[in-house]
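Colleague: I would like to learn how to read the features of a model like this one. Please take them one at a time, with the general idea before the case.

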Amino acid sequence: MTGLASRGQLRASIIRWSLFTIPACVLLGFVAGSLFSSGPDNPWFAMLEKPAIYPPPALFGIVWTILYIMMGFALALVCAAWGARGRTLAIVLFAVQFVINLAWTPTFFGAQEITLALVVIGALNIALIATIVAFWRVRTLAGILLLPYLAWVLFATLLNYEFLAANPNYDAAIPSSAVERIEL
């Protein structure tokens with residue numbers, strides 16, 4: 001044997017990691033969305049003008065669930081790569097981008113800050129690209145598994161920008177020029 005572990009041991013390690021990372025990613029994504037009433041049920045979001053590129057609302061739950069599963073499996077592949085150069089950096093970068101990912105929902109739906117949410121998702125784009133590069137170096141398949149996530153985040157960035165352009169008066173980050181006058 002030339003490696004530290006047999007193929008069976010590596011497969012078992014990936015499965016064990018997957019049993020932790022996949023549910024963790026899905027659960028954290030679900031919690032972030034649920035805590036801040038993301039989606040069409042949010043009264044503030046319901047009154048926003050929707051851009052032409054806005055997909056059907058049901059698509060978001062389906063896509064994000066699939067992406068969180070793929071992210072969890074990619075993370076499991078990297079976590080199971082004991083002794084691989086760059087493994088620790090890849091895991092740290094994943095954690096950073098995941099925290100930024102989770103921060104977008106409370107920024108957009110909770111604080112109703114469309115401009116700040118655009119900044120957050122811009123940072124996510126950068127962190128995600130760095131994570132993909134790091135994952136690719138540890139396990140090529142792990143990097144490949146994150147590519148659909150990158151495509152969706154890039155689309156979400158455009159969508160965030162389109163929401164800002166279509167609803168400049170509904171962004172809490174942009175001071176309103178409205179004046180309230182009361183006559184006595």
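Modeller: The protein chain has seven helices and zero strands, where helices (H or I, at least four residues) and strands (E, at least two) are DSSP runs numbered from the N terminus. Along the sequence the pattern reads α-α-α-α-α-α-α. This is a predicted model, in which local features need pLDDT of at least 70 and side-chain atom pairs count only at pLDDT 80 or more, while totals for chains, interfaces and linings use all residues. Residues are numbered from 1 along each chain as its sequence is written, and side-chain values use heavy atoms, with hydrogens and water left out.

Colleague: What percentage of the residues of the protein chain count as buried?

Modeller: Buried means under 20% relative accessible area, exposed over 50%, and partly exposed in between, with a 1.4 Å probe and protein chains only. Of the 184 residues, 40% count as buried.

Colleague: Which residues have the most contacts inside the largest nonpolar core?

Modeller: A nonpolar core is a set of buried Ala, Val, Leu, Ile, Met, Phe, Trp, Tyr and Cys residues joined through side-chain atoms within 4.5 Å. The largest one here has 48 residues, and those with the most contacts inside it are Phe-45, Phe-108, Phe-135, Tyr-149 and Phe-163. H1, H2, H3, H4, H5, helix H6 (140–145) and H7 each give two or more residues to this core. H5 provides the largest share of the core, 11 residues. To take one member, Phe-163 is found in helix H7 and is buried, with a relative accessible area of 3%. The C-alpha atoms of Phe-163 and Tyr-54 are 9.0 Å apart, although 109 residues separate the two along the chain.

Colleague: How many aromatic pairs does the count come to?

Modeller: A pair of aromatic rings is described by the distance of the centres and the angle of the planes. Rings of Phe, Tyr and Trp (its six-membered ring) pair if their centres lie within 6.5 Å; planes under 30 degrees apart count as stacked, over 60 as edge-to-face and the rest as tilted. By this rule the count is 19 aromatic pairs. In one of them, the rings of Phe-60 and Trp-152 have centres 5.7 Å apart and planes at 70 degrees, so the pair is edge-to-face. This pair links distant parts of the chain, with Phe-60 in helix H3 and Trp-152 in helix H7, 92 residues apart. Phe-60 is partly exposed, at a relative accessible area of 22%, whereas Trp-152 is buried, at 13%. Both belong to one aromatic cluster, whose members include Trp-44, Phe-45, Tyr-54, Phe-108 and Phe-163.

Colleague: Which charged ends sit over rings?

Modeller: A charge sits over a ring if NZ of Lys or CZ of Arg is within 6 Å of the ring centre and within 35 degrees of the ring normal. The charged end of Lys-50 lies over the ring of Phe-45, 4.6 Å from its centre. For Arg-87 the ring is that of Trp-82, with the charged end 4.1 Å from the ring centre.

Colleague: What is the volume of the largest pocket, and which residues are closest to its centre?

Modeller: Rolling a probe the size of a water molecule over the atoms shows where empty space is left. On a 1 Å grid over the protein atoms alone, a cavity is a set of points where a 1.4 Å probe fits but cannot get out, and a pocket is an open set with protein on both sides within 12 Å along at least five of seven lines; lining residues have an atom within 4 Å of a point. Grid points are joined across faces, edges and corners, and a volume is the space filled by probe spheres set on the points. The largest pocket has a volume of about 780 Å³. It is lined by 32 residues, of which Ser-38, Phe-60, Trp-64, Thr-105 and Phe-109 are the closest to its centre. H3 supplies the largest share of this lining, seven residues.

Colleague: Where is Ser-37 found, and what is its phi?

Modeller: Most residues other than glycine have a negative phi, and most peptide bonds are trans. Ser-37 is found in the loop between H1 and helix H2 (43–47), and its phi is positive, near 45 degrees. Gln-112 has a positive phi of about 60 degrees and is found in the loop between H4 and H5.
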